[in-house]
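Let's take a walk through a protein model together.

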Amino acid sequence: MSKRAVVAMSGGVDSSVAAALLVEAGHDVTGIMLKLWSDDGANSNSGCCNVGAADDARRVADVLDIPFYCLNMAEHFERTVVRDFHAAYSEGRTPNPCVRCNQWVKFDALLERARALGADILATGHYARVDQYGGRWRLRRGVDPSKDQSYVLWMLTQDKLRQCAFPVGDLHKTETRAIAERLGLRTAAKPDSQEICFVRDGDFGSYAREHIPAAARPGRIVDSTGRTLGTHEGIGRYTVGQRRGLGVSLGMPVFVTGIDAAENILRVGPKEELRVGTAILDEVSFTGAVPNAAERVLVQCRAHGDVFAARLRPDAHRLILDFEEPPDALAPGQSAVLFSGPAGDEVVGGGIVASTIPVGVEGPLVPALADQ
Amino acid sequence: MLDVLSDNHGNPSSVHSFGRKAREAVEEARERVAGAVGASPSEIFFTAGGTEADNIAIKGAASKRRGSGSHVAVSAFEHHAVLDAASWLSKTGLEVTTIPVEADGIVSLGAVTEATRPSTILVAVMAVNNEIGTIQPIREIVVAAKGASPDVLVHTDAVQALGNIPVDVHRWGVDLAAFSAHKLGGPKGVGALFVRSGVAVEALVHGGGQERGVRSGTLNVAGIVGFGVAAQLAEKEIDSKAERLEGLRAHLLEGLRSEIPDIVVNGTMERRVAGNLNVAIPGTDGETLLLLLDQAGVACSSGAACASGALDPSHVLLAIGTPREVARGSLRFSLGRDSSAEDVDAVVKALPEAVKRARLVS
């Protein structure tokens with residue numbers, strides 16, 4: 001059945017092919033690019049919505065003979081994703097702007113526009129799969145493990161999933177490129193974007209100095225006993241679990257174990273101090289029904305990271321994860337994404353890590369929460 | 001145009017006979033354009049469009065006069081060809097100020113007087129605004145500017161005026177004026193700059209010295225010939241076209257008002273070219289409306305497209321004091337030679353549904 005589809009086009013090969021596949025399947029397709037920042041603040045070559053990318057996307061739309069529009073969501077993006085990015089680093093957390101963009105822009109503001117345009121489907125070039133299974137919409141990992149992007153889609157609910165399509169989720173990246181070449185799309189050989197789209201040239205240091213001064217002030221590096229070991233370059237440069245770039249030598253590997261934004265202090269320690277026994281998540285969302293207490297899930301703590309088994313304790317707004325296999329590190333601000341299913345590839349939901357409790361520490365917070 | 005494109009490949013700058021034919025065609029076009037705007041042929045310089053003409057006027061006149069002044073004033077709702085050229089000048093050390101525009105979309109004479117100082121090199125006010133269609137009292141503006149500072153140059157971007165209102169650069173008293181062919185149904189990529197006899201501008205493009213050194217580069221002969229014909233035709237049709245378009249526009253506005261009662265017209269309806277209607281539709285976002293209307297086969301505009309094609313709220317509407325949110329929800333309808341009553345009916349039919357849907361978006 002022919003449906004009306006809006007494809008979020010970035011000017012990259014994945015969304016180009018997503019649009020092409022929907023056109024080939026006979027749908028009525030419209031391409032939309034989002035302009036997410038004002039021109040002078042943009043990343044010149046990488047990222048997704050600079051002028052060159054818009055030209056590429058428009059050219060692909062012309063070749064596919066579909067309408068193409070560029071929507072200006074720069075103010076919305078600034079108010080939501082960029083503001084959150086700055087706040088998180090100022091408070092010693094590690095944000096994931098791609099998650100936030102999906103949460104507040106692509107699958108919220110854009111989905112709303114697509115619905116207003118009468119679209120049945122909002123498609124993107126994400127490597128993930130959505131299908132109907134057992135009377136509900138199911139979100140699964142993309143078939144290409146090296147490209148799987150289900151991690152950044154945990155916020156999709158049944159109401160959103162029913163209108164989502166990820167046409168390249170069934171493909172390996174090499175197949176995606178082959179399709180683009182077959183169709184003569186000019187984006188076929190474009191490199192993957194890696195960097196944060198609004199951080200110019202991927203230079204986080206100068207970005208932080210300009211936009212997040214609170215996270216760019218040098219301060220003390222201390223160990224778990226409070227002893228000063230050195231000086232850091234600003235808390236925005238560090239993530240819990242990070243080993244490189246500390247400039248501290250203790251005769252053993254040293255990792256960031258905590259960031260105290262109020263005191264502008266970076267805490268470091270040996271690997272053992274990192275292991276997370278329990279994590280508390282905020283802004284929790286589930287793709288389907290809320291799972292049962294004590295249900296066992298697999299938790300992915302970063303994009304393309306390993307998964308760790310945990311049992312979950314749902315709460316009104318929060319979720320507590322008791323790890324059976326403690327992850328090495330879990331940075332506050334990052335997304336923890338829950339998977340289950342026979343193949344462990346179904347997204348149950350996820351949330352933003354609010355805080356963690358190391359292995360072996362009885363957190364006073366945990367029972368108090370459970371009693372609420 | 002077809003003749004010079006298919007049979008006559010001569011370069012008008014050449015000495016040989018093929019070149020002479022091309023040169024004749026260009027000079028005939030120059031006479032036609034000059035006639036349409038009330039200039040002498042020697043005051044008309046062909047360019048690659050209105051934007052280039054504006055740039056030569058603003059930057060070329062300012063560089064020529066730098067020694068005798070240090071200030072340029074442009075109205076706040078100019079086309080970006082003028083605004084951005086002026087803002088470039090400010091990077092070179094000249095002071096650039098903007099002349100405010102009244103809420104009805106007209107530049108007041110008092111504002112011009114106030115903006116013009118002894119150190120002012122150039123004042124630029126467009127003859128007809130491209131987004132809200134308001135017609136400026138250019139003759140009075142020139143008097144006001146020169147009254148404040150006798151040596152000041154006055155430029156007018158008349159791209160939207162030619163073909164819509166009578167243009168007479170000498171009656172207006174301007175020193176410089178920019179025109180574009182495609183706004184009159186002529187070919188795209190060709191325009192003209194009027195430079196009053198006795199006024200000098202610095203060239204921006206240097207080379208073979210074509211157009212008496214004001215704009216070097218091989219002439220776009222076919223485009224120029226088309227421009228000449230279009231200018232001559234457009235001038236003859238002004239009155240009949242205006243009468244027809246005013247009728248269509250009244251029908252459009254009436255239809256829109258009956259379907260969407262809270263619609264607000266941006267700018268005065270009193271002094272406005274016949275083919276323009278610009279309305280705010282409260283509670284909507286212009287981008288979403290444009291997409292919905294495009295789906296329904298109606299082409300209109302909202303704000304200004306940036307390089308990527310996304311829209312920013314119109315600087316013109318912001319300049320006349322329209323609140324940002326209202327400017328975002330504004331649409332510009334342009335009626336032209338080919339617009340018909342059926343087209344207007346189609347818009348009136350399509351818009352209410354589009355507005356209903358657009359209002360669902362927060």
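The paragraphs below go from confidence to each chain, and then to the place where the chains touch.

What you have here is a predicted model, in which local features need pLDDT of at least 70, side-chain atom pairs count only at pLDDT 80 or more, and totals for chains, interfaces and linings use all residues. Residues are numbered from 1 along each chain as its sequence is written, while chains are lettered from A and ligands numbered from 1 in the order in which they are written.

A word on confidence comes next. The model scores ipTM 0.77 and pTM 0.85. Where pLDDT is low, the predicted coordinates should not be read in detail.

Let's begin with chain A. It has eight helices and 17 strands; helices (H or I, at least four residues) and strands (E, at least two) are DSSP runs, numbered from the N terminus. The C-alpha trace of chain A spans about 65 × 50 × 35 Å along its principal axes. How does its radius of gyration fit a compact globule of 372 residues? Such a globule would come to near 21 Å, and chain A has 21 Å, which agrees. That radius is taken over C-alpha atoms, and the globule rule is 2.2 Å times the number of residues to the power 0.38.

Of the 372 residues of chain A, 49% count as buried. Here a residue is buried if 20 or more other C-beta atoms lie within 10 Å of its own, exposed if 12 or fewer, and partly exposed in between, with C-beta atoms placed from the backbone. Contacts (C-beta atoms, placed from the backbone, within 7 Å) also tell us how the chain folds back on itself. In chain A, 64% of the contacts with a separation of 6 or more are between residues 24 or more positions apart.

Now look for the sheets. Five strands of chain A form an open sheet in the order 3-2-1-4-7, with parallel pairing; two strands pair if DSSP finds at least two bridges between them. Strand 3 and strand 7 (164-165) of chain A are the edge strands, each pairing on one side only. Strand 4 (residues 121-123) of chain A runs parallel to strand 7 of chain A, joined to it by two bridges, and Ala123(A) stands opposite Ala165(A) in strand 7. In a regular strand the side chains alternate between the two faces of the sheet.

Further along, strand 8 (residues 219-222) of chain A has two partners to trace. Four bridges join it to the antiparallel strand 9 (residues 228-232) of chain A, where Thr228(A) is the bridge partner of Val222(A). These two strands form a hairpin with five residues between them, and Gly226(A) in the turn has a positive phi of about 95°. Strand 8 of chain A also pairs with strand 11 (residues 265-269) of chain A, in the parallel sense over three bridges; there Ile221(A) has Leu266(A) as its bridge partner.

Chain B comes to twelve helices and twelve strands. Its C-alpha trace spans about 65 × 55 × 35 Å along the principal axes. Buried residues make up 51% of its 362 residues. Among contacts in chain B between residues at least 6 apart in sequence, 70% join residues at least 24 apart.

Helix 4 (residues 80-91) of chain B deserves a stop. Its end C-alpha atoms are 16 Å apart, which agrees with the 16 Å that its twelve residues should span at 1.5 Å a residue; the expected span is 1.5 Å times one less than the number of residues. Buried residues in helix 4 of chain B include Ala81(B), Leu83(B) and Leu89(B). The buried residues of this helix pack against helix 3 (50-65), strand 2 (71-75), strand 3 (95-99), strand 4 (120-124) and strand 5 (153-157) of chain B. Just after helix 4 of chain B, Gly93(B) takes a positive phi of about 110°.

Finally, turn to where the chains touch. In this model, 15 residues of chain A are in contact with 17 residues of chain B. On the chain A side, helix 2 (51-64), strand 3 (68-72) and helix 4 (97-116) each supply at least two residues, and strand 3 of chain A gives the most, with four residues.

Key
Two residues are in contact if their C-beta atoms, placed from the backbone, lie within 7 Å.
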